[in-house]
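Colleague: I am new to this structure. Could we go through it together, please?

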Amino acid sequence: MAQPASRNGAWSEGAGLVVLAVARARGMTNGKKNPTGAGAIIAFLILAGAIVGGMLGQPSAGLLAGAALGGVIALLLWLRERGQ
C-alpha cells in the first residue's frame, strides 16, 4: 500500500482525509450487510422483566425471565443472520 503524503514524518491534513475516505469506501464495498444488534432488545427486556416482576412481587424472577427472553431473541437474530 502506498505511503500517504507527509512532511517531516508528520501527516498532512489532506492526506489523512484521503486515507480516511479510501478506508471508508473499501469498507462499504465488501458486499456484506450490516448485522442486526440485539443489545437494546436484551436491555429493554431485562428492564421490562424487572418492572413486571416487581408488580407481581418477584423483581428478581422478572429480571431473570427478561434476560432469558432477551437472550433467546438475540440467539434467534444471530441464527437468522448467520444463514444469510
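Modeller: On the face of H2 turned away from its buried side lie the exposed residues Gly39, Ala40, Phe44, Leu47, Ile51 and Met55. Buried means under 20% relative accessible area, exposed over 50%, and partly exposed in between (1.4 Å probe, protein chains only). Helices (H or I, at least four residues) and strands (E, at least two) are DSSP runs, numbered from the N terminus.

Colleague: What kind of model is this?

Modeller: This is a predicted model, in which local features need pLDDT of at least 70 and side-chain atom pairs count only at pLDDT 80 or more, while totals for chains, interfaces and linings use all residues. Residues are numbered from 1 along each chain as its sequence is written, and side-chain values use heavy atoms, with hydrogens and water left out.

Colleague: Which residues of H2 are buried, then?

Modeller: Leu45, Gly49 and Gly53 are buried in H2. Seen down the axis of H2, its buried residues fall within an arc of 60 degrees, so they line one face of the helix. The arc is that of the directions from the helix axis to the C-beta atoms.

Colleague: Why do residues three or four places apart point the same way in an α-helix?

Modeller: An α-helix has 3.6 residues a turn, so residues at that spacing of three or four places point the same way.

Colleague: What do the buried residues of H2 pack against?

Modeller: They pack against H3, and the buried residues of H3 pack against H2. Contact means heavy atoms within 4.5 Å. On the H3 side, the buried residues are Gly62, Gly66, Gly70, Ala74 and Leu77.

Colleague: Which C-alpha separations can you give between residues of these parts of the chain?

Modeller: Val52, which is in helix H2, has its C-alpha atom separated by 8.6 Å from that of Leu63, eleven residues apart along the chain. Ala65, in helix H3, and Ala50 are 15 residues apart along the chain, with C-alpha atoms separated by 8.5 Å. For Gly71, also placed in helix H3, the C-alpha separation from Ile46 is 9.9 Å, at 25 residues apart along the chain.

Colleague: Is Val52 buried or partly exposed?

Modeller: Val52 counts as partly exposed because its relative accessibility is 45%. Gly71 is partly exposed as well, with a relative accessible area of 34%.

Colleague: How far does each helix reach?

Modeller: H2 (residues 39-55) has 17 residues and reaches 25 Å from its first C-alpha to its last, close to the 24 Å expected at 1.5 Å a residue. The 24 residues of H3 should span 34 Å, and its end C-alpha atoms are 34 Å apart, which agrees. The expected span is 1.5 Å times one less than the number of residues in the helix.

Colleague: And what follows H2?

Modeller: Gly57 follows, with a positive phi near 85 degrees.

Colleague: Changing topic, which residues make the nonpolar surface patch?

Modeller: Val72, Leu75, Leu76, Trp78 and Leu79 make a nonpolar patch of about 500 Å². Leu76 is in helix H3 (residues 59-82), and it counts as exposed because its relative accessibility is 52%.

Colleague: What is the pattern of the whole chain along the sequence?

Modeller: The pattern is β-β-α-α-α, with three helices and two strands in the chain. Of its 84 residues, 12% count as buried.

Conventions. Patches are made of residues with over 30% relative accessible area and no salt bridge: like charges are joined within 9 Å, nonpolar side chains (Val, Leu, Ile, Met, Phe, Trp, Tyr) within 5 Å. Accessible areas come from the Shrake-Rupley method with a 1.4 Å probe; for residues, only the protein chains shown count as cover. A salt bridge is a side-chain nitrogen of Lys or Arg within 4 Å of a carboxyl oxygen of Asp or Glu.
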